[in-house]
Amino acid sequence: MDPIALLTQMIKTPSLSRNEGETAKLLFDEMHRLGFAPRRYLNNVWAVSENFDAAKPTLMLNSHHDTVKPAPGYTRDPYIPHLENGILYGLGSNDAGASAVSMIATFEQIRSKNLSFNLLLAITAEEEVTGEGGMRAFLPHLIENGINIDMALIGEPTGMQPAVAERGLVVLDCVTEGRSGHAARGEGINALYRAMDDIARIRSFHFPNESNVLGPIGMQVTQIQAGSQHNVVPDRCSWVIDVRTTDAYSNEKTVEILREAMRHTTLTPRSFRIRASVIDHDHPMVVAAESMGKKPFVSPTTSDMSQMHAFPSLKMGPGDSARSHSADEYIRIDEIAEGITEYMAYLNNLSKIYTQN
């Protein structure tokens, strides 16, 4: 296959999250042309390696083909790929089109080899919004088809260094109640003052347990709203906490602990689904990366690793995370070539280490 030609076609084909039907068709057709016998579920396209053996563990090669909306500062048309001095510009080129085409090219070369594990290639949808039709639907679909994933390599722009952990996320909608009254008479119970008391508790709060890898849970109050006019004591204050969770507690337990710390405020989580992910440092996936001289790190960004609760995962791919979601997004052609070479070497190395274990 020609990974640059495929990526060019992906850039030309708008694939905003929840609207990836055309790129799903493009990917399916390319995988079919390459003889992968692909399957499609919603806008998720996947295939398994030749001689798939249910007795072997299965490694999922996963990246995503959806994009965010173009940033407002683009100086080029985000949907017209432009190749200049070895650099390919276009929306989704770095995040995560480069990883997707590199994984497809790698799968083409290695799918018939006798590895110590099966390979399942999955280029999935709705990663950018953690949507219902992406990984959240795809993993149950695999189970319904009798396929269990034992580990996953996630293609995201990391400069081909292995991200071994991500923080989770819980957004809390907070409501503090009071009682309205005339400001001049000092009547009522000021909900804003009550909220300030609980916000002070959030600022100074420390969870008893701390993650060995991710460190302490991080919290920031990011929004607040109260009051209708200058002379009325507010009877309600709404505010928001951004909570970056770790593997020290489940998301549910994290919220339970915070609720116990509040005196006047009701906390309502928007979702529990974005969970912290940490792979053991002695897992073969980490050992294989380190033995190649790669440096494990904690990722500051989230990905579909947050949906992979039942098996270990590691994130690694060509490109630079700092370019993601930025104007005039780009990928270097040599980064894709390196990505394919490094993926091949990594999978062969992992297969040897898995055999030894």
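Two strands are said to pair when DSSP finds at least two bridges between them, and the strands themselves (E, at least two residues) are, like the helices (H or I, at least four), DSSP runs numbered from the N terminus. The model described here is predicted, so that local features need pLDDT of at least 70 and side-chain atom pairs count only at pLDDT 80 or more, while totals for chains, interfaces and linings use all residues. Residues are numbered from 1 along each chain as its sequence is written, and side-chain values use heavy atoms, with hydrogens and water left out.

Strand β2 runs antiparallel to strand β6 (residues 118-124), to which four bridges join it, and in β6 the residue opposite Val48 is Leu120. Three bridges also join β2 to strand β1 (residues 39-41), again antiparallel, with Tyr41 standing opposite Asn44. The hairpin of β1 and β2 has two residues between the strands, and there Leu42 takes a positive phi near 55°.

Strand β9 (residues 168-177) is likewise mostly covered, eight of its 10 residues being buried. It pairs in the antiparallel sense with strand β13 (residues 236-245) over 10 bridges, and with strand β14 (residues 265-269) over five bridges. Leu172 shows both pairings, for its bridge partner in β13 is Ile241, and in β14 it stands opposite Pro269. Asn251, which lies in helix α6 (residues 251-261), is in contact with Leu169, Val170, Thr245, Phe272, Ile274 and Arg275 when its neighbours within four places in sequence are left aside, contact meaning heavy atoms within 4.5 Å. Asn251 has a relative accessible area of 2% and is therefore buried.

A further sheet is open and consists of three strands in the order β4-β5-β18, with antiparallel pairing. Its edge strands are β4 (82-84) and β18 (330-332), each of which pairs on one side only. Strand β4 is joined to β5 (residues 87-89) over three bridges, and Leu83 has Leu88 of β5 as its bridge partner. Helix α8 (residues 333-356) lies across β4, β5 and β18 and runs at about 65° to β18, where axes are lines fitted to C-alpha atoms, for helices over the stretch in contact, and angles run from 0 to 180 degrees between N-to-C directions.

Helix α1 (residues 3-12) and helix α3 (residues 93-110) pack at an angle of about 140°, their axes being 9 Å apart. The contact is made by Pro3, Leu6, Leu7, Met10 and Ile11 of α1 together with Ser93, Gly97, Ala98, Ala100, Val101 and Ile104 of α3.

Ile104 also belongs to the largest nonpolar core, where, of 48 residues, it is listed with Leu59, Leu119, Leu121, Leu153, Met285 and Tyr346 as touching the most other members. Such a core is a set of buried Ala, Val, Leu, Ile, Met, Phe, Trp, Tyr and Cys residues joined through side-chain atoms within 4.5 Å. Apart from this core lies another, of 21 residues, among them Ala191, Ile202, Val243 and Tyr249.

Terms used: Buried means under 20% relative accessible area, exposed over 50%, partly exposed in between (1.4 Å probe, protein chains only).
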